[in-house]
Amino acid sequence: MKKNALHKSSFLKVIFGIWVLLKRKKNAGYTLFVPSGVRHEYPLVDLTEQKVVGTVIYKDKVYLKVLVNLKEDTVSVEGSVSDLGDLSMDKESYIDMFQSDARFFVNNHISDPQKYYEELNESIN
């Protein structure tokens, strides 16, 4: 008798679980990615001195400038992205990105990042 009751209880739990899954609202829709206009550039990549400057620009105004000196293991930062609000990443994320990119450029002897990424894009397409 207990086995039959346990089986019935388990069956009801499964049915209830299925019902809950079917009643949940589905997150149907789509996502539209639109450029924010915020861009980052590398106006200086000095492979000999192992220095890279990264900038965050919006509407032709430089909001953040990060100088990464790999030889001296230093980073200097000028400006802020706080005025850009949700249009951009936070300041620390840009600093981390510029440091990582600086190491990549120097280690791979890339003196012109824009040209590198254009050629990479062409090779993929």
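Leaving aside its neighbours within four places in sequence, which residues is Ser88 in contact with? The first close-up has the reply, and the other views follow from there.

**View 1. Ser88 and its contacts.** In this predicted model, Ser88 sits in the loop between strand 4 (74-79) and helix 2. Once neighbours within four places in sequence are set aside, Ser88 is in contact with Val38, Val81 and Tyr94. Is Ser88 buried or exposed? Its relative accessible area is 14%, and the cut-off for buried is under 20%, so Ser88 counts as buried. Keep an eye on Tyr94, as we will meet this residue again.

**View 2. Tyr42 and Phe105, an aromatic pair.** A pair of aromatic rings is described by the distance of the centres and the angle of the planes. The model holds seven aromatic pairs. Tyr42 and Phe105 make up an edge-to-face pair, with 5.0 Å from centre to centre and 90 degrees between the planes. Tyr42 belongs to strand 1 (residues 39-46) and Phe105 to helix 2 (residues 91-107), so this pair ties together parts that are 63 residues apart in sequence. Both partners are worth a look for burial, too: Tyr42 is buried at 15% relative accessible area, and Phe105 is buried at 0%.

**View 3. One aromatic cluster.** Tyr42 and Phe105 belong to one aromatic cluster together with Tyr94, Phe98, Phe104, Tyr116 and Tyr117.

**View 4. The largest nonpolar core.** In soluble globular proteins, nonpolar side chains tend to be buried together. Here the largest nonpolar core has 20 residues. Tyr42, Val52, Val56, Leu84, Tyr94 and Phe98 have the most contacts inside this core. Strand 1, strand 2 (51-58), strand 3 (61-69) and helix 2 each supply at least two of the core residues. Which element gives the most to this core? Helix 2 does, with seven residues.

**View 5. A nonpolar patch on the surface.** Nonpolar residues are found on the surface as well: Phe104, Tyr117, Leu120 and Ile124 form a patch there. Together they have about 370 Å² of accessible area. Helix 3 (residues 113-124) provides the largest share of the patch, three residues. Leu120 lies in helix 3 and, at 37% relative accessibility, is partly exposed.

Technical notes: Residues are numbered from 1 along each chain as its sequence is written. This is a predicted model: local features need pLDDT of at least 70, side-chain atom pairs count only at pLDDT 80 or more; totals for chains, interfaces and linings use all residues. Side-chain values use heavy atoms; hydrogens and water are left out. Rings of Phe, Tyr and Trp (its six-membered ring) pair if their centres lie within 6.5 Å; planes under 30 degrees apart count as stacked, over 60 as edge-to-face and the rest as tilted. Helices (H or I, at least four residues) and strands (E, at least two) are DSSP runs, numbered from the N terminus. Buried means under 20% relative accessible area, exposed over 50%, partly exposed in between (1.4 Å probe, protein chains only). Contact means heavy atoms within 4.5 Å. A nonpolar core is a set of buried Ala, Val, Leu, Ile, Met, Phe, Trp, Tyr and Cys residues joined through side-chain atoms within 4.5 Å. Patches are made of residues with over 30% relative accessible area and no salt bridge: like charges are joined within 9 Å, nonpolar side chains (Val, Leu, Ile, Met, Phe, Trp, Tyr) within 5 Å. Accessible areas come from the Shrake-Rupley method with a 1.4 Å probe; for residues, only the protein chains shown count as cover. A salt bridge is a side-chain nitrogen of Lys or Arg within 4 Å of a carboxyl oxygen of Asp or Glu.
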